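Here is a structure to question term by term. Each answer sets a value against its criterion and then concludes.

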Amino acid sequence: MKSGVDPKPRMANWANWAGNQQVDGVSLFMPRSEEELQQVMQFAETNNTRVKVVGSGHSFTAIALAESVLIDLTNYDSVIALEKIANTVTVQSGIQLSKLNLFLHSNGKAMQNLGDIAYQTIAGAISTSTHGTGVNFTGIANQVVALRLVLADSSVVECSAISNSELFECARVGLGALGIISTVTLQVVPAFNLAVIEQPMRVDELLEDLDNHIAMNDHFEFFWVPHTGWALTKRNNRTHEPANPMGKLSHWYSKTFMENYAFGAVCMLGRARPSLIPKLAKALPASGRTEYSDASFKVFTSKRVVKFYEMEYAIPREACVEALNRVRRLVLDSGFFLNFPVEVRFTAPDEIPLSTASNRESAYIAVHIYKGMDFVPYFRAVEAVMNSYQGRPHWGKLHFQNAESLAPRYPKWQQFQVVRDRFDPKRVFTNSYLETVLGK
Ligand SMILES: Cc1cc2nc3c(=O)[nH]c(=O)nc-3n(C[C@H](O)[C@H](O)[C@H](O)COP(=O)(O)OP(=O)(O)OC[C@H]3O[C@@H](n4cnc5c(N)ncnc54)[C@H](O)[C@@H]3O)c2cc1C
């Protein structure tokens, strides 16, 4: 095989998963090695262009939008090493979580916590502060113990808590602004099963007892269904019992048919006739209680076929009930017709400068709109509520903030800016989204 990147790259078009971010005619590179990543940076230096790495394009914001050079890491996705005793795994940064999960599982290991899906690359997931739920667990970036980065000058640097620690602190949630993450070393744990209880509850009762639900379960989350007084709760607890998964048919019916195809049809109908949405919503919580158990990664992550736009805010955990009640009130008062549930999750604090849970235990409130419908009025109204709690938007999900509004919400904001000035003084890795949220 010919080695080295093509000095005359192919021009390509790119769009994200939701289809709301698109670019035409950028120079596409698909490197296979760290050396080739360095060669792309040399190309960029010679041609004086900006560079953007994309993961799986699962961000809704323009964070991954390339302006001239686009690096696609589809061919840079191998596992490099698994240290069974130390419980660490080192991977090339383009590996998708789905592939990593299978590799870990077949070796008796697992990631400590995951978000709702596993389509993301590891580098994309950590770069935007991707998280799951569980008040004693942090987001994925806090599971990282070492990184290798290719910098703007094409040199390679290794960083961890003991070497180049300032870069390490920031690059775990680096928004793609500091360099190309080449490899990621993660702390993993022995494989474990989760016992699941999925159950509808009256949302008022749930909120009255919210602290208990959060404390009594390893991974608690709920979905409030707009236009109803119901929430669908999901309680996942670690268990030493053998897996007792749903039957294949029940799994297909519940997770593929109901959560994707039937839900998709309901969304389509709602988009065509918004006034039907409140009636359609009332059918959702009637699903009853479901119990099963399975390997952690199969429980944490699901298939997502229905496309949507999303905004998600991290707020101090203690503000959750008040903030959610304000969102419920605004839905009642506004006349919005909403066919997607509002998802609520919780995480422990971490110390990563631009993590959405930086230095604070967090509740996450996420709102969604079916693809092709106008999200702006709803998202703006919800954002106004989140602003009053110093809300921090998910870096990969839609919002209307800028560097000025965000800076006071992160205690270590300035630390990130110092590192950015040091490692990317010429702003090779910036794009228009980063100019808005981080400044020029
Ligand atoms: C259906 C769906 C479900 C989701 N569920 C969750 C959830 O449960 N929890 C949650 O927190 N989020 C969730 N998200 C958001 C998603 O996890 C993030 O947007 C994540 O960043 C997407 O990863 P990606 O690989 O697609 O990265 P992309 O969106 O392609 O890129 C994200 C950022 O990472 C940078 N990047 C990628 N690779 C590198 C690299 N090698 N070096 C440097 N920078 C790099 C990009 O430049 C960009 O800045 C969901 C999104 C969708 C569409």
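Q: What makes two strands a pair?
A: Two strands pair if DSSP finds at least two bridges between them. The model here is predicted. In it, strand β17 (residues 342–347) and β18 share five bridges and run antiparallel. Five bridges meet the criterion of at least two, so β17 and β18 count as paired. Within this pair, Arg-345 stands opposite Tyr-364 in β18.

Q: How do you know that β16 and β18 pair?
A: Nine bridges join strand β16 (residues 308–316) to β18. The criterion asks for at least two, so the two strands pair. They run antiparallel. Met-311 stands opposite Val-367 in β18.

Q: What makes β13 and β17 partners?
A: Three bridges join them, and the sense is antiparallel. At least two are needed, so β13 and β17 pair. Phe-223 stands opposite Glu-343 in β17.

Q: In what order do the eight strands of the open sheet lie?
A: The order is β15-β12-β14-β13-β17-β18-β16-β19, with antiparallel pairing.

Q: Why are β15 and β19 called edge strands?
A: β15 (290–295) and β19 (392–393) each pair on one side only. That is what makes them the edge strands.

Q: Why is strand β18 described as largely enclosed?
A: Nine of the nine residues of β18 (residues 362–370) are buried, so the rest of the structure largely encloses the strand.

Q: How do you know that both faces of β18 are covered?
A: In a regular strand the side chains alternate between the two faces of the sheet. On one side of β18, Ser-362, Tyr-364, Ala-366, His-368 and Tyr-370 are buried.

Q: Why is His-219 called buried?
A: His-219 has 25 other C-beta atoms within 10 Å. The cut-off is 20 or more, so His-219 is buried. The residue lies in strand β13 (residues 219–224).

Q: What does His-219 touch, leaving out residues up to four places away in sequence?
A: His-219 touches Gly-132, Thr-133, Gly-134 and Asn-236. His-219 and Leu-194 are 9.4 Å apart, C-alpha to C-alpha, and 25 residues apart in sequence.

Q: Why is Ser-154 called partly exposed?
A: Ser-154 has 17 C-beta neighbours inside 10 Å. Buried needs 20 or more and exposed needs 12 or fewer, so 17 falls in between and Ser-154 is partly exposed. Ser-154 sits in the loop between β8 (144–150) and β9 (156–160).

Q: What makes the phi of Ser-154 worth a remark?
A: Most residues other than glycine have a negative phi. Ser-154 is not a glycine, and its phi is positive, near 70 degrees.

Q: How is Asn-359 classed, buried or partly exposed?
A: Asn-359 has 14 other C-beta atoms within 10 Å, so it is partly exposed. Asn-359 lies in the loop between β17 and β18. Its phi is positive too, at about 55 degrees, although Asn-359 is not a glycine.

Q: How do you know that the buried residues of α2 line one face?
A: The buried residues of helix α2 (residues 97–106) are Leu-97, Leu-100, Asn-101 and Leu-104. Seen down the axis of α2, they fall within an arc of 100 degrees, so they line one face of the helix. They pack against β6 (88–92), β7 (109–110), α3 and α9 (296–300). Just after α2, Gly-108 takes a positive phi of about 75 degrees.

Q: What puts the buried residues of α13 on the same side?
A: Phe-416, Val-419, Arg-420 and Phe-423 are buried in helix α13 (residues 413–423). They cover an arc of only 100 degrees around the axis, which puts them on the same side of α13. On the other side, Gln-414, Val-418, Asp-421 and Arg-422 are exposed. The cover over the buried residues includes α4 and α14 (432–438).

Q: Which residues come nearest to the ligand?
A: Of the 32 residues around the ligand, Gly-55, Gly-115, Gly-124, Gly-176 and Gly-396 come nearest. By class, the shell has 12 nonpolar, 17 polar and three charged residues. The largest share, four residues, comes from α3.

Notes
Residues are numbered from 1 along each chain as its sequence is written. This is a predicted model: local features need pLDDT of at least 70, side-chain atom pairs count only at pLDDT 80 or more; totals for chains, interfaces and linings use all residues. A residue is near a molecule or strand if its C-beta atom, placed from the backbone, lies within 6 Å of it. Ala, Val, Leu, Ile, Met, Phe, Trp, Tyr, Cys and Pro count as nonpolar, Asp, Glu, Lys and Arg as charged, and the others, Gly among them, as polar. The arc is that of the directions from the helix axis to the C-beta atoms. Two residues are in contact if their C-beta atoms, placed from the backbone, lie within 7 Å.
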